[in-house]
Amino acid sequence: MLNNHQSRKVAIVGYNRIPFARQNTFYADASNKDMMVAALNGLIARYKLDGQLLGEVAGGAVIRHSWEINLMRECTLHTSLHPGTPACDIQQACDTGIEAAVYIANKISLGQIEVGIAGGVDSSSDVPLVLGEKLRRILLAARRAKTTGDRLKQFLKIRFKDLTPVAPMNREAPTGLSMGEHTEITAKYYQIPREEQDAFALESHRKMAKAYESGFFEDMITPYKGLQRDNNLRTDSSMEKLAKLKPAFDKVNGSLTAGNSSPLTDGASCILLASEEWAAQHGLPVLAYITFAEVAALEYQQNRHNLLLAPIYASTRMLQKANMQLQDFDFYEIHEAFTAQVLATLKIWESPELTAQFGLDKNLGAIDRSKLNVTGSSIPAGHPFAATGGRILATMAKLLHQKGSGKGFVSICAAGGLGITAILEK
């Protein structure tokens, strides 16, 4: 598969996203394709890619309609890229954005392509409504019927209650629990108090507000449908306000609330990846290199408290392959699905006893928390599942580029007991 029998360095040379919007607000009428095309067109305009034939576009959506087959190819055809640019769909829950970047990066590293785009999009507003199982079976039987009379017999079986659609469910099939319900178990098991969760959430809002004020996001976001910035960001949040929020999942003894959990969100993001040669030919600076990535999974049906903790395995394996320590990084980006999950991850890294519960010989140790999520993360930005990876990779690449050197550690947990980590270097 190698063109020259040597792997090549892979650079992040560009990024773009639309502002992320809370469910049923600014993007309530926008489809996955609408949002992804907007993000791609912003990238194309910023880096003068109009009419260019790229190696490939990869990405996907976690929530999608049955007709959204070949989504990324359809999105690509609705941009000004050369129509010969191929595209493919990738989906790995919340890991989707980074997994798409790894897919494109591997093709560049192998010499198969010179440049590509990795992206992700999700709408929690435009969700599929599913027919009830009884109605579905009746309609299929009617379709198979040979005569009008047989069809009518099937239709007469329909009752008014059968017309009620099945509400979308964000639940893990093996357990029947939502991600929030699982993380409520995580918080109890690892003894993560409510006040600590709220404090972490408040700090993330403050960091993102400061980043917006400093202009950090100005060259990273294309306004869309009247929205200029992520509308989940709360500049007036406080510990007092957060403390007043009621538990969202365990109504009696819970500690997870709407304030310390990422909200259902709509949005799209993408990054531009290239070989060093392509970047030089097109006058684009290397923002950062993607050097390592690792995907992991764990059992969570019996160990329900560990649903979102697969990055424990991914980070350990990745650092071993990279011959690095967890403390070797200038910046850390850990996706804030819930602050309880972030704090549990940090606690496990620091504890030999907790690390041993994962069957690992040695804990990774503590990190300098002043280097963690320095511009805020998914609590204030929101979390459109497949789009979060692109947002985080772009943020890390820009931080390293501004610094001029260094290493960045990225971690994203995902549904299904999945997790992905990556290393960026400048």
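A cavity is a set of points, on a 1 Å grid over the protein atoms alone, where a 1.4 Å probe fits but cannot get out; its lining residues have an atom within 4 Å of a point. Residues are numbered from 1 along each chain as its sequence is written, and side-chain values use heavy atoms, with hydrogens and water left out. The model is predicted: local features need pLDDT of at least 70, side-chain atom pairs count only at pLDDT 80 or more, and totals for chains, interfaces and linings use all residues.

**Exercise 1. Describe the second largest cavity by its volume, its lining and the elements that supply the lining.**

Step 1. The volume, which is the space filled by probe spheres set on the grid points (joined across faces, edges and corners), is about 30 Å³ for the second largest cavity.

Step 2. The lining consists of L308, P311, I334, H335, Q341, T345, S411, I412 and C413.

Step 3. Helices (H or I, at least four residues) and strands (E, at least two) are DSSP runs, numbered from the N terminus. At least two lining residues come from each of α11 (339-350) and β9 (407-414). With 3 residues, β9 provides the largest share.

Step 4. Ala, Val, Leu, Ile, Met, Phe, Trp, Tyr, Cys and Pro count as nonpolar, Asp, Glu, Lys and Arg as charged, and the others, Gly among them, as polar. By this scheme the lining of the second largest cavity has 5 nonpolar, 4 polar and no charged residues.

**Exercise 2. Examine the salt bridge between D198 and R194.**

Step 1. A salt bridge is a side-chain nitrogen of Lys or Arg within 4 Å of a carboxyl oxygen of Asp or Glu. The whole structure contains 17 salt bridges.

Step 2. For D198 and R194, the N to O distance is 2.9 Å. Both residues belong to helix α7 (residues 194-214) and stand 4 residues apart, about one turn of the helix.

Step 3. Buried means under 20% relative accessible area, exposed over 50%, and partly exposed in between (1.4 Å probe, protein chains only). D198, at 2%, is therefore buried, whereas R194, at 22%, is partly exposed.

**Exercise 3. Identify the salt bridges that E294 forms with R317 and K321, and locate the three residues.**

Step 1. The closest N and O atoms of R317 and E294 are 3.1 Å apart. R317 lies in helix α10 (residues 311-322) and E294 in strand β7 (residues 288-297), so that this pair, 23 residues apart, links distant parts of the chain.

Step 2. R317 is partly exposed at 34% relative accessibility, while E294 is buried at 10%.

Step 3. Between E294 and K321 the closest N and O atoms are 2.8 Å apart. Because E294 is in strand β7 and K321 is in helix α10, the pair ties together parts that are 27 residues apart in sequence.

Step 4. K321 is exposed, with a relative accessible area of 56%.

Terms used. 1 Å grid on protein atoms, 1.4 Å probe; cavity = no way out; pocket = protein on both sides within 12 Å on 5 of 7 lines; lining within 4 Å.
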